[in-house]
Amino acid sequence: MAIDRRREAGGGGRPLPEENGSVPGVAGGVGSAAAPPGPPPANAAGAEIQAVPVPPPPPAAACSPLLLDYDGSVLPFLGGLGGGYQRTLVLLTWVPALFIGFSKFSDSFLLDQPDFWCREADGQGNWSGSLAPGHANRSGNGSIFPPPPGLPTPPGVNASECDCHEWHYRIRAGLVQNVVSKWDLVCDSAWKVHIAKFSLLVGLIFGHLITGCIADWVGRRPVLLFSVILILIFGLTVALSVNVTMFSTLRFFEGFCLAGIVLSLYALRIELCPPGHRFMITMVASFIEMAGQFLMPGLAALCRDWQVLQAVIICPFLLMLLYWVIFPESLRWLMATQQFEASKELILQFTHKNRMNTESDIKGVVPELEKEITRRPKKVCIVKVVGTRNLWKNIVVLCVNSLTGYGIHHCFAKSMMGHEAKMAITHNFYADYYTMAGIALASCLAMCPVVGFLGRRGGLLLFMILTALASLLQLGLLNCMSDSVKDKFSTAFSIVGMFSSHAVGSLSVFFCAEITPTVIRGGGLGLVLASAGFGRLTAPIMELHNQKGYFLHHVIFACCTLLCIICILLLPESKNQNLPENIPDGEHYTRQPLLPHKKGEQPLLMTNSELKDYSGLHDSAAVSDGISENTTANGMKSM
């Protein structure tokens, strides 16, 4: 007797015949499951009918394009930067920049190589001073500084000996005692100073990479708050170090936590702003950070001791513990990752703080949000860019630009401060320190009008061309000049190179923050900031090797500048463009032509639909269908 199996969801429906007229799943005499006996069906007597497989559920409907258009729908509804609450949040991202400036430039004071000499007692207990060999000043030329007036130099000093029972130091950085003088890190122990400098930079590199990925997964706010708690623990413990090994280890973790604060604040600042204000608000934060650099000598002179200075640098982060209460999560990140329930609560908080009426929601953001509130969150990791066509290329180009800008900056600095003693401008610590800070300040001031007029890509291209010209002229043309003229031109080219290379590094980081989608902005920022850290790492590496290979180091980075000039032309222009929210948006962020198309001319760049089919990002179909008519050549919406 046959077994009649019905569809589980259809309840009494009959399976449809196939093209050849037979019923699918018929197997004579063999059934898939036992069933109570009953009358055989008229169309399949003596046969058993297998269960028809349940069809797969239909794919989930795409998210509403209105909710994914944060700059065009959500931000105008909240008032942009016109709302008082948004302005308060931007101000709160500026304040910690001063503390970050203190921490970043603390190495110049904690680990400055002082002038030193050996104090020896004669048989009658009188002290005399003798020159100590092996002193390395900031220029790394191995010169020996004389002792202060009043201490005679005994004849016959052997400059190859470092055997001394007591060293005497003259610290130039405003401190009475620093790390070098605390543990006598001179002569055979001088290499430990460079390892201590490595520690903070390596901690920053690993911190940017790891906290960037975490910020994309759990949010910007948790990364910021936990980084603040940990930097308070590790930073204050640094001041209690009992030896240089403990100091270096704790400085690594301090740098790791500092990276989390820098990255999360940078992302929050970018995601709070409308397109027309992103660059200027970021530059204000840079100026505040530079204010910390300018104030550091005065702070060191007031503290006098390196342990007190370290504690004073870290203690202001205690104020950031209040951010747990007053600073919310990034609404843009919540919307991009489809956490609509939390987004609705935050939108209501914004409207309440700004005293807004929800009836002003002309586009219907809140009703649309309530429809999608049951949607599951969709978080993305930075490794997803490997499967993209344009996005990974843009991020790699900006990482190379950042590495080159900060790496070659050290080459210009060594040329200006003196790779050889005769090329040094001055041995005054404050003159050297404020010269470097002044060039960085001038660079940031010049970036504002240049980027405002030429855009991100044009400004980056201009500064990279200046960097390449300065490095190539310094390497090639100076060999044909006399020594007196060579020194003057070398100083001039070094100042121009430091000016332009600082702008290249800073602009590369900002550019990457704009073109990286919100769902992976933390990871993208982590990559470009880590590349900048690798560039800065070349300075202690060269000092550790006593400037050996300095010329080759400069030649390699000069070649990289030429490569970067070509690659910058492949980047899109993000000025006044909406931030991409997801990976398909980032893929559509393609390069604009340098010149507008003529009438009737076929563009060489692929259209968005062709790009979508090529890259295999089929899940972006609903999003691209909803793109409005004000789409620019980048494939992104403009305000």
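In which helix is the place of Ser199? Ser199 sits in helix α6, residues 191-218; here and below, helices are DSSP runs (H or I, at least four residues) numbered from the N terminus. This is a predicted model, in which local features need pLDDT of at least 70 and side-chain atom pairs count only at pLDDT 80 or more, while totals for chains, interfaces and linings use all residues. Residues are numbered from 1 along each chain as its sequence is written, and side-chain values use heavy atoms, with hydrogens and water left out.

View A. Ser199 is buried, with a relative accessible area of 10% (buried means under 20%, exposed over 50%, partly exposed in between; 1.4 Å probe, protein chains only). Its side chain reaches the backbone oxygen of Ile195 at 3.0 Å. Beyond neighbours within four places in sequence, Ser199 is in contact (heavy atoms within 4.5 Å) with Ser248, Arg251 and Phe252.

**View B. The bend in α16 at Gly455.** Helix α16, residues 429-476, spans only 30 Å between its end C-alpha atoms, whereas a straight helix of 48 residues would span 70 Å at 1.5 Å a residue (the expected span is 1.5 Å times one less than the number of residues). At Gly455, α16 bends by about 120°, the angle between axes fitted to the seven residues ending there and the seven starting there.

**View C. The salt bridge between Lys104 and Glu289.** Their side chains meet at 3.3 Å, N to O; a salt bridge is a side-chain nitrogen of Lys or Arg within 4 Å of a carboxyl oxygen of Asp or Glu. Lys104 lies in α3 and Glu289 in α9, so the pair ties together parts 185 residues apart in sequence. Lys104 is partly exposed at 28% relative accessible area, and Glu289 is partly exposed at 21%.

**View D. Glu271 and Arg521 in a salt bridge.** The closest N and O atoms of this pair are 3.1 Å apart. Glu271 belongs to α8 and Arg521 to α18, so the pair ties together parts 250 residues apart in sequence.

**View E. Arg332 meets Glu581.** Here the salt bridge has an N to O distance of 2.8 Å. The pair links distant parts of the chain, 249 residues apart: Arg332 in α12 and Glu581 in the loop between α19 and α20. Arg332 is buried at 0% relative accessible area, and Glu581 is buried at 4%.

Terms used. Helix = DSSP H or I, 4+ residues; strand = E, 2+ residues; numbered from the N terminus. Polar contact = N/O pair within 3.5 Å; in protein donor to acceptor, adjacent residues only side chain to side chain.
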